[in-house]
Amino acid sequence: MEPLLGLLLGLILVVASSAQNNCTCVTNKWAARAQDDSGNCTCTLVGSNHKVDCSILTSKCLLMKAEMIPLKERRSWGHAHGLLDNGVIYNPDCEDSGIFKARQCNQTNTCWCVNSAGVRRTEKGDKSLICSELVRTSWIHIELVHKKGSHTFDVSDVANSLKDLFESRYKLHPKYIADIKYNSPLIKIHLKQNEKTRCDVDIVDAAYYFEKDIKDDSVFNSNSKLTVSVNGNALDIEKLWIYYVDEKPPEFSMKQLTTGISTVVTVVILAAGFGVTMLVVLKCLWTRKYGKVEIEESGEITTPSLELP
């Protein structure tokens with residue numbers, strides 16, 4: 001009888017150990033995994049102790065907060081990263097729902113208002129600054145440049161492959177993928193989301209996960225590197241631009257801006273493996289072309305031109 005009890009106890013320990021190992025947050029490598037007394041797997045985000053649903057993407061705000069954890073506190077979590085916004089790196093404040101708080105402040109009590117992508121859209125002030133609302137980023141324009149090779153990709157094949165990627169990997173509803181255009185080696189992806197339901201993935205989160213994947217710093221809890229492929233042929237991305245466009249105009253001082261400003265965007269650029277984020281302003285022209293005006297805060301920044309369809 002005793003050998004049988006010992007065997008059963010051993011099996012229980014093996015099953016418990018296996019269940020613990022399988023307690024993994026697939027969509028977020030920054031989530032600490034644990035099991036409660038009932039054997040249910042719970043995931044808590046490093047940096048905020050915020051419980052996350054590992055069946056969906058984690059919000060950009062919570063991810064940024066986790067990425068700002070000092071290296072000494074991370075143990076095996078990875079390298080230190082933060083959002084570079086005109087030379088300013090900050091640890092964001094997030095609502096309980098995971099979205100950015102409308103007002104963000106740094107350790108020197110300097111504050112500013114942000115959009116739903118966490119990008120500054122007003123002048124900086126002190127703790128008395130009031131941000132009445134979180135302005136939504138309703139449109140995202142992504143530009144990719146792949147390395148030139150001997151293989152020629154079909155326009156429809158490239159579009160279908162990228163649509164499948166956003167739908168399957170990032171769970172973004174196809175209705176938010178407004179358009180994908182391809183003119184080798186340039187790819188343009190338009191994401192548009194004026195409003196979303198509670199269950200929908202935010203285009204800001206999908207774009208951030210995509211950006212991290214392209215930079216080979218995936219948020220997913222997997223050692224495998226994302227390979228963008230078209231009909232089995234790798235689409236080797238070497239440059240990336242991401243433009244975040246708000247549904248309302250910015251509130252910067254006119255001393256800094258040129259007249260006729262309609263939209264503020266953030267540009268995330270990836271070139272040769274390095275990411276650079278800069279704040280630029282689009283000036284709307286009747287010809288449907290947009291010329292960008294730079295905001296000089298930490299040195300001169302030169303940005304590429306962008307022509308919208």
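Which residues of α2 are buried? I get Lys60, Cys61, Leu62, Leu63, Met64, Lys65, Ala66 and Glu67. That makes α2 mostly covered, with eight of its eight residues buried. My cut-offs: buried is under 20% relative accessible area, exposed is over 50%, and partly exposed is in between, with a 1.4 Å probe and protein chains only. Helices (H or I, at least four residues) and strands (E, at least two) are DSSP runs numbered from the N terminus.

Note on the source: this is a predicted model, where local features need pLDDT of at least 70 and side-chain atom pairs count only at pLDDT 80 or more, while totals for chains, interfaces and linings use all residues. Residues are numbered from 1 along each chain as its sequence is written, and side-chain values use heavy atoms, with hydrogens and water left out.

**Whole chain.** I count five helices and 13 strands. Buried residues make up 44% of the 309 residues.

**α2 against α5.** Next I looked up how helix α2 (residues 60-67) meets helix α5 (residues 203-214): they pack at about 40°, axes 9 Å apart. Axes here are lines fitted to C-alpha atoms, for helices over the stretch in contact, and angles run from 0 to 180 degrees between N-to-C directions. The two helices are therefore oblique to each other; under 35 degrees would be roughly parallel, over 145 roughly antiparallel, 65 to 115 roughly perpendicular, and oblique is the rest. On the α2 side the contact (heavy atoms within 4.5 Å) uses Lys60, Leu63, Met64 and Glu67. On the α5 side I find Val204, Asp205, Tyr208, Tyr209 and Lys212. By class, the contact residues are five nonpolar, no polar and four charged.

**Aromatics.** How many aromatic pairs does a search of the whole structure find? Five. Rings of Phe, Tyr and Trp (its six-membered ring) pair if their centres lie within 6.5 Å; planes under 30 degrees apart are stacked, over 60 edge-to-face, the rest tilted. Tyr170 and Phe210 have ring centres 6.2 Å apart and planes at 90°, so I log them as edge-to-face. Tyr170 is in the loop between α4 (155-168) and β6 (177-183), and Phe210 is in α5, 40 residues apart. Both Tyr170 and Phe210 are buried. Tyr209 and Phe220 are edge-to-face too, at 5.2 Å and 65°. Tyr209 lies in α5 and Phe220 in the loop between α5 and β8 (229-230), so this pair ties together parts 11 residues apart in sequence. Tyr209 and Phe220 are both buried. Phe166, Tyr170, Tyr209, Phe210 and Phe220 form one aromatic cluster.

Most residues other than glycine have a negative phi, and most peptide bonds are trans. I noted a cis bond joining Ser184 and Pro185, omega about 5°. Asn109 has a positive phi of about 65° and is partly exposed at 42%. Asn231 has a positive phi near 55°, and at 58% relative accessibility it counts as exposed.

Definitions and conventions
Ala, Val, Leu, Ile, Met, Phe, Trp, Tyr, Cys and Pro count as nonpolar, Asp, Glu, Lys and Arg as charged, and the others, Gly among them, as polar.
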